[in-house]
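This report covers side-chain contacts and one feature of the surface. The structure is shown first.

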Amino acid sequence: MTPAPRPGAPAPGDPAPGAAARGDAASDGAALGDPAPSDAALARRLGVRDAVVIGLASMIGAGAFVSLGAAQDLAGSLAPLAVLIAAAVALCNATSTAQLAAQHPSSGGVYHFGGKQLGPWWGFLAGWCFVIGKIASCAAMALVIAAYLVPEAWQRPVAAAVVVALTAVNLVGITRTARLARILVTVALAALLLTGGRLLWSLVPVAGASIGAGPAQIPGPLADGASGLWDGGLAAALGTGAGGGLGIALAVAQAAALLFFAFAGYARVATLGEEVLAPRRTIPRAILLALAAVAGLYLLLSLVLVAVGPAPGTDGWGPAPFLAALDVVGAGGGWHVIVTVGAAAAATGALLALIAGISRTVLAMAREGDLPRPLAHVSPRFSVPQRAEITAGIAVLILVLAASDVLVAIAASSFGVLLYYAVANLAAATQDGTWRLYPRAMQGLGLLGCLLLVAALPGRSIVAGLALLAIGIAYRAIVLARRRTA
């Protein structure tokens with residue numbers, strides 16, 4: 001029997017008054033403002049519709065404009081299945097985060113949740129994986145902007161300039177507002193829907209003639225030699241190539257791991273506890289509605305790309321698949337402008353908030369001594385963690401200049417973010433019945449899904465990610481050893 005809350009206490013699942021309740025909002029592309037005083041409660045103004053819009057704004061970003069093409073390069077006609085797998089893992093992760101946010105409505109996200117439920121080391125691992133993953137996300141966003149705006153020769157310097165400009169914006173405390181989030185999601189949605197409609201319209205007259213014509217697409221790694229991502233990893237460990245049922249399954253898993261990048265942002269809905277009406281009821285409904293809407297949109301667009309056919313060139317769909325698809329069906333000019341504006345708006349808005357989000361997690365970790373304490377400095381003039389902002393911006397800039405292409409950055413992002421949510425699922429599984437909102441089986445499926453998708457990533461991404469994890473673990477071990485001897 002669940003005990004009744006004491007007078008004045010929050011009901012189970014509802015956040016405590018005055019808590020920040022932001023969790024990992026910024027980590028998933030959420031709008032961030034300047035931090036409010038710790039004793040100021042946020043007004044409950046958001047209903048289900050508002051929460052769903054915020055979730056959509058957080059999820060529909062640059063990933064949709066590039067990951068869908070990469071998924072088809074890998075999985076061929078089974079790319080829509082990869083969309084469904086990524087959506088299922090995202091759903092389990094989001095419900096775990098919602099359950100944790102109900103019990104621990106505080107900033108820091110899974111860094112905070114993991115520390116409370118599992119212990120400081122788990123919290124550190126979550127925070128460090130978040131920093132790794134979201135720095136890679138920022139690099140991917142910048143490269144997507146450049147891929148849609150300028151020719152290949154100019155993409156890297158333009159991406160670097162975007163990172164510098166948006167880091168400078170964040171340094172003076174100007175971040176994306178809720179109104180801007182609505183504008184950006186509207187622009188991105190309109191661009192994706194119009195582009196999908198134009199591609200479908202081009203396919204209708206020849207649909208009857210195309211059925212059964214030509215060789216079927218064979219799903220599998222390196223389909224038609226298009227993708228350069230299938231390098232080692234789980235496939236190498238199992239001695240599996242592109243052929244056979246196991247090879248196809250691994251290709252679909254890797255496609256799902258890359259598509260997971262396109263779903264990043266769903267946890268924002270789970271961190272609105274202090275700002276929504278009836279959070280215990282509103283948050284789960286908003287999560288399901290937002291994820292269902294995004295999954296449906298991505299599934300439709302994936303089916304459209306499959307219908308368009310194999311990528312036109314030997315390099316696959318590339319970093320701007322919808323531009324390539326429009327060229328395949330003979331639509332250029334104004335249609336290129338529409339999809340370019342949509343991609344640039346989605347990626348710019350997400351990148352602005354992501355840089356701010358990284359700095360806030362670095363700030364939280366520095367305050368606890370898990371990162372160098374000077375990074376915890378907050379500018380008295382602008383009330384933002386400027387040293388953390390600058391550090392995050394430099395790290396993103398280095399990755400933009402060093403990454404071979406946008407898909408490498410996406411794979412690196414998926415590595416960190418999937419492990420981040422693996423800790424979230426593990427932490428949520430330890431919660432007792434008072435705070436349990438979802439069956440424990442969902443946390444088990446989420447944990448298993450995260451680990452399997454990480455294992456399916458390219459071998460080089462796994463090796464690089466593990467090396468960065470080892471650096472973080474070694475740093476914290478040294479810090480703890482020094483504290484013990486001090």
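## Salt bridge R476–D370

In this predicted model, R476 and D370 form a salt bridge through their side chains, with an N to O distance of 2.8 Å.

## Salt bridge E389–R360

A search of the whole structure finds two salt bridges. Besides the pair described above, the side chains of E389 and R360 meet in a salt bridge, again given as N to O, at 2.8 Å. E389 is part of helix α14 (residues 386-402) and R360 is part of helix α13 (residues 334-367), so this pair ties together parts that are 29 residues apart in sequence.

Are these two side chains' residues, E389 and R360, buried or exposed? E389 has a relative accessible area of 0% and is therefore buried. R360 has a value of 18%; because buried means under 20% relative accessible area, R360 also counts as buried.

The relative accessible area of L81 is 41%, so L81 is classed as partly exposed.

Note on methods:
Residues numbered from 1 in each chain as written. Predicted model: local features only at pLDDT ≥ 70, side-chain atom pairs only at ≥ 80, totals over all residues. Heavy atoms only, no water. Salt bridge = Lys/Arg side-chain N within 4 Å of Asp/Glu carboxyl O. Helix = DSSP H or I, 4+ residues; strand = E, 2+ residues; numbered from the N terminus. Buried < 20%, exposed > 50% of the residue type's maximum accessible area, 1.4 Å probe, protein only.
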